[in-house]
Amino acid sequence: MNQSTQRQQALAPLARSEPWDMLIIGGGITGAGIAREAARRGLAVLLTEQKDFAWGTSSRSSKMVHGGLRYIASGDYKTTLLSVRERERMLSEADGLVNEMHYVMPHYKGKFPPPWIFNTLLRVYDRIAGKRYFKYFKKDAFLRLNPNIKQDKFLGASQFSDAVTDDSRLVMRVLDEAIHDGAHAINYLKAESLITNEQGLVVGATLKDTASKDKDQTYKVHAKVVVSATGAWADTLRMQAREQTEQSFNKQIRPSRGSHLVVSQERLPTSQAYTFLHPADKRAVFVYPWENRTVLGTTDLDHPPLNDEEVGITSAEVDYLLAATNSLFDDTDLNREDVISTWAGVRPLIADSGNGKRVSPSKEKRDHSVWLDNNLVTVSGGKLTTFRLIALDVLKKCQEVLDLDDSATQNQAINGDQVFSKVAPIHPKFATLPSDLQQRLQGFYGLQLDTLLELAHEEDLAYVTDSNTIWAEIRFAARFEQVIHLDDLLLRRTRLGLTLPHGAMTPLISARLKQICQQELGWNEQKWQQEVARYSELWQRYYHLPAA
C-alpha cells in the first residue's frame with residue numbers, strides 16, 4: 001500500500017453525512033484521552049490534528065509521569081494527591097510504557113532544602129501513594145554509588161520514585177485504544193474556522209488538509225459538540241466562538257517554554273534521575289536516563305505568542321542547562337560538542353492574575369481548566385500524568401450540551417477492559433525476543449503487537465544500532481500510523497532523531513530507512529530526497545544546537 005492510498009483511507013470518515021457526536025480538535029495526550037473516554041461510552045468521535053499526532057507539547061515534555069512533589073511544598077495538596085494516584089495507576093496499567101524511575105536529591109551543607117525538610121515531604125508523598133519509596137543515603141554510602149558528584153560539603157542524598165515514559169508513544173497507545181472502540185483520528189487536518197448556526201452556537205468546523213497537494217482542499221464537519229484540546233493554542237478557537245455573540249475575551253493561556261539537552265551515557269552515565277536546584281536561580285532541574293541516553297532539563301521561560309511553527313531551544317538555555325549539570329558533577333565539564341540533540345516544548349499554563357501580579361512560569365499552578373463557549377468546549381493546562389482525569393472533566397462539561405450517560409465508565413482501565421501490557425501476544429516471534437524488549441513492545445503497542453510482529457521481516461527484529469528501537473517499529477509505523485513526513489517517523493513514532501547522532505541520518509541507517517519507506521509508503525527517489533532535505537533542515541534548526 002502506498003502513502004496516497006493510506007491517506008485516502010485515513011480521510012474516508014470525512015464522507016460521513018450525519019453529524020458526529022463529538023469533534024475533537026487537537027491530537028496530543030489531552031485530545032487522545034478525551035477520544036478514549038468518549039469512544040468507550042459509545043459516542044461517534046472524530047479527532048483531528050493540524051500537524052502530526054503529539055506534534056506539540058505531547059512529544060516535547062520532560063517524559064516524566066510524576067505526582068508533583070513541589071506542589072506539596074507550595075500547599076497544592078489536591079494536585080499532588082490526584083497526580084500520585086494517576087501515576088500509580090499508569091505504572092500498573094501501562095507497564096513497559098510507563099516505568100518507575102528512582103530520583104535522588106543530593107544535600108549540601110548550607111544549601112536548600114536541608115535533608116529534614118525534604119525527607120518530611122517525601123514521607124507525605126509516600127503516604128499519598130500508599131507505598132514506601134523514600135530512602136535516605138548517608139554520605140559515604142551514596143558516594144560509593146555516585147562517585148562523580150561534587151563532594152565538597154556533601155551531607156547525603158534522599159531517594160524517591162516517580163515514573164518515566166515516551167510521551168509520544170503514550171499518545172499513540174491511547175489513540176489506538178480509542179480507535180479500537182470506534183473513534184476515528186486523522187492527522188494533518190487543521191481547523192481553519194468554526195461552523196456556527198443562526199444562534200451563534202458552534203456546530204462543527206471547516207478542516208483544511210495540510211498534507212494535500214491541493215492547497216485548497218477543505219472539509220466541512222458537523223458535530224453535536226466540538227472540543228478544542230489544542231493546549232497552548234487554545235485561545236484561538238475560543239476567541240472565534242465568543243466573537244459569534246460579540247462576547248469580550250481575555251486570553252487565558254500563558255505559553256511557557258521548557259527545553260532539554262540529550263547527551264550520551266558514556267559522557268554522563270546515569271541509572272537514576274538527579275534533581276537539584278540550579279545555582280543561578282534556585283529552580284529545580286533534572287539529569288536523568290532516557291532511551292539509553294542522558295537528558296538535561298528543563299528550563300521554564302515565557303514564550304512569545306505561538307504560530308504553527310516548531311519551537312527550538314535558545315543559546316542561553318543551552319548554557320543554562322550545561323552550567324546546572326556541571327555544577328553537580330565533578331570533572332564532567334560537559335560542553336556543546338557533547339550534545340546529541342535538543343528539544344523544546346511549550347506548556348499551556350493557565351495564567352493566574354487574580355492578585356494582579358505576574359509570577360514566574362515555574363510558580364504558575366499546573367491545574368487544567370475547562371470552558372464552555374457557545375457549544376465549544378475548550379480544555380487547556382494540566383499535566384501529562386493526569387490526562388485521564390482531564391478527559392473525564394471534559395466529558396462532564398460536554399453533558400451540558402450532549403446527552404451522555406457517564407455512570408458506568410468513570411473508573412475503567414486506561415488501556416481497555418484488560419491491562420493489555422500484561423497479556424502476552426500469541427505470535428511465535430514474541431517468544432524469541434529478550435524479556436526487556438518484550439515488556440517494552442507490550443507497553444508501546446498493546447493490541448497492535450501481533451500485527452507488528454506479523455509484519456516484521458526477520459532482520460526487522462534487530463535493534464537500530466545502540467537505541468532501544470527495533471526496525472520492526474519503523475516498518476509498523478510507516479504502514480499503519482499515518483506517517484506523512486520523515487520527521488513523523490523519526491521524531492514521534494520513534495525517537496531515533498533525538499537519540500542518534502545527526503538525527504539518525506547516518507549512511508547505514510539512512511539506507512535502511514529509505515528501503516522501508518519505499519516498501520511501506522511507496523516513496524520514489526525524488527520523494528525520499530525531498531523528505532530528507534525537509535527533515536535535515538528541520539532537525540538542524542529545532543532539534544540541534546542554535547548558534548552560540
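Predicted model: local features only at pLDDT ≥ 70, side-chain atom pairs only at ≥ 80, totals over all residues.
Local features need pLDDT of at least 70 and side-chain atom pairs count only at pLDDT 80 or more, while totals for chains, interfaces and linings use all residues. Residues are numbered from 1 along each chain as its sequence is written, and side-chain values use heavy atoms, without hydrogens and water.

**Helix pair**

Helices H2 (residues 29–40) and H7 (residues 167–180) have axes that come within 8 Å and cross at roughly 20 degrees. H2 is therefore roughly parallel to H7 (angles under 35 degrees count as such). From H2, the contact (heavy atoms within 4.5 Å) takes in Ile-29, Ala-32, Gly-33, Ala-35, Arg-36 and Ala-39. From H7 come Leu-170, Val-171, Val-174, Leu-175, Glu-177 and Ala-178.

A pocket is an open set of points on a 1 Å grid where a 1.4 Å probe fits, with protein on both sides within 12 Å along at least five of seven lines; lining residues have an atom within 4 Å of a point. Of its 38 lining residues, Thr-210, Ala-211, Ser-212, Ile-484 and His-485 are the closest to the centre. Helix H1 (3–11), strand E9 (202–209) and helix H17 (525–542) are the elements that give two or more residues to the lining. H17 gives the most, eight residues.

**Residue classes**

| Contact of H2 with H7 | nine residues | one residue | two residues |

Ala, Val, Leu, Ile, Met, Phe, Trp, Tyr, Cys and Pro count as nonpolar, Asp, Glu, Lys and Arg as charged, and the others as polar.

Methods. Axes fitted to C-alpha atoms, helices over the stretch in contact; angles between N-to-C directions. Helix = DSSP H or I, 4+ residues; strand = E, 2+ residues; numbered from the N terminus. Parallel < 35°, antiparallel > 145°, perpendicular 65-115°, else oblique.
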